Amino acid sequence: MTRSSDRLRLALLDASHGDEHTPRNFRRELDADLVEFDVTANERPAGFDFDGVVVTGSRSSVYWDRDWIRPLVDYVAEADERGLPILGVCYGHQVVASALGGRVRDMGEYEIGYREIERVADDELFEGIPETFVAFTTHSDAVTELPPGAELLAENDYGVHAFRRGDAWGVQFHPEYDRETAVAVTNEKDLSPERRQSVLDGVTDENYAAACRTKRLFDNFTDAVRRIRGERAAAVR
């Protein structure tokens with residue numbers, strides 16, 4: 001068994017505005033000790049004494065003028081400069097893209113529901129995940145320009161769904177969602193009754209089982225963080 005002293009210590013930058021599902025989902029999926037910060041309340045780590053950083057989803061847009069957003073983007077940018085592995089999910093994906101010099105814009109519509117996404121490049125984050133995979137999506141913003149030097153990893157007809165630059169990754173979809181979250185988020189969105197029902201009808205055993213295959217992404221991320229931590233420790237010996 002892994003000794004407690006070997007446990008990863010990750011900063012979880014929670015941008016969900018207090019959504020009850022978000023911390024539960026990330027606590028379940030990440031094999032690490034999470035130090036949680038409500039960044040929408042201007043809570044941020046005082047430093048960078050972590051093995052990695054994870055940025056959650058949000059109902060906000062990264063380009064909004066809010067007093068907590070720019071400091072969050074700046075923190076992620078500095079964490080990257082210091083070499084910390086980073087994973088951004090949905091809004092977090094857009095934060096990582098912005099922090100590294102990419103561009104995010106309003107799509108003018110929602111992508112929402114269980115959707116197929118195509119891997120377009122091999123990467124350790126997607127080890128063991130099918131080339132065409134299913135995941136729950138819910139977003140109206142998209143990364144329209146990748147950061148300089150970033151590699152596109154996955155996409156669909158709505159655009160970029162995953163990228164990597166160095167040891168920073170972003171994924172637009174929600175691998176952390178359980179069925180309860182998918183239903184709750186759908187009911188909160190400003191959708192026509194017909195579209196809402198169509199999305200809810202898609203929250204099936206089959207789609208959820210397919211989407212659970214993308215949860216391996218979290219183990220792949222923590223494996224990468226352990227590898228990076230080990231390489232750094234070896235370099236200073």
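## Before we start

A residue is called buried when its relative accessible area is under 20%, exposed when that area is over 50%, and partly exposed in between, using a 1.4 Å probe and protein chains only. At 27% relative accessibility, His17 therefore counts as partly exposed.

This is a predicted model, in which local features need pLDDT of at least 70 and side-chain atom pairs count only at pLDDT 80 or more, while totals for chains, interfaces and linings use all residues. Residues are numbered from 1 along each chain as its sequence is written, and side-chain values use heavy atoms, with hydrogens and water left out. Helices (H or I, at least four residues) and strands (E, at least two) are DSSP runs, numbered from the N terminus.

## Two residues with positive phi

His17 sits in the loop between S1 and helix H1 (21-29). Its phi is near 60°, a positive value in a residue other than glycine.

Asn42 also has a positive phi, about 65°, and is not a glycine. Look for Asn42 in the loop between strand S2 (33-38) and strand S3 (52-55). With a relative accessible area of 31%, Asn42 is partly exposed.

## A buried charge and a helix

Which strand holds Asp14? Asp14 belongs to strand S1 (residues 9-14). Asp14 is buried yet has no salt bridge. A salt bridge here is a side-chain nitrogen of Lys or Arg within 4 Å of a carboxyl oxygen of Asp or Glu. The nearest side chain of opposite charge to Asp14 is that of Arg27, 6.9 Å away; Lys and Arg count as positive and Asp and Glu as negative, while His and the chain ends are not counted. Contact means heavy atoms within 4.5 Å. Leaving aside neighbours within four places in sequence, the contacts of Asp14 include Thr22, Pro23, Phe37 and Thr56.

Now turn to H1, where His21, Thr22, Pro23, Asn25, Phe26 and Glu29 are buried. The buried residues of H1 pack against S1, S2, S3, strand S4 (86-89), H4 and H7.

## Salt bridges

How many salt bridges does a search of the whole structure find? The search finds 23. One of them joins Asp31 to Arg7, with the closest N and O atoms 2.5 Å apart. This pair links distant parts of the chain: Asp31 is in the loop between H1 and S2, Arg7 is in the segment before S1, and they are 24 residues apart. Both ends are partly exposed, Asp31 at 37% relative accessibility and Arg7 at 28%.

Asp31 also meets the side chain of Arg226 in a salt bridge (3.2 Å, N to O). Here the partners are 195 residues apart, with Arg226 in helix H7 (residues 216-235). Arg226 is partly exposed, with a relative accessible area of 27%. Elsewhere, salt bridges that share partners join Arg24, Arg28, Glu29, Asp178, Glu180 and Lys215 into one network. Within it, Glu29 and Arg28 have their closest N and O atoms 2.8 Å apart. Glu29 is buried at 13% relative accessibility, whereas Arg28 is partly exposed at 39%.

## Aromatic pairs

Rings of Phe, Tyr and Trp (its six-membered ring) pair if their centres lie within 6.5 Å; planes under 30 degrees apart count as stacked, over 60 as edge-to-face and the rest as tilted. The structure holds ten such pairs. Why is the pair of Phe126 and Phe173 tilted? The ring centres of Phe126 and Phe173 are 6.4 Å apart and their planes are at 55°, so the pair counts as tilted.

Phe126 lies in the loop between strand S5 (103-119) and strand S6 (132-145), and Phe173 in the loop between strand S9 (168-171) and helix H4 (179-188), 47 residues apart. Phe126 is buried, with a relative accessible area of 2%, and Phe173 is buried too, at 0%. Tyr114, Phe136 and Tyr177 form one aromatic cluster.
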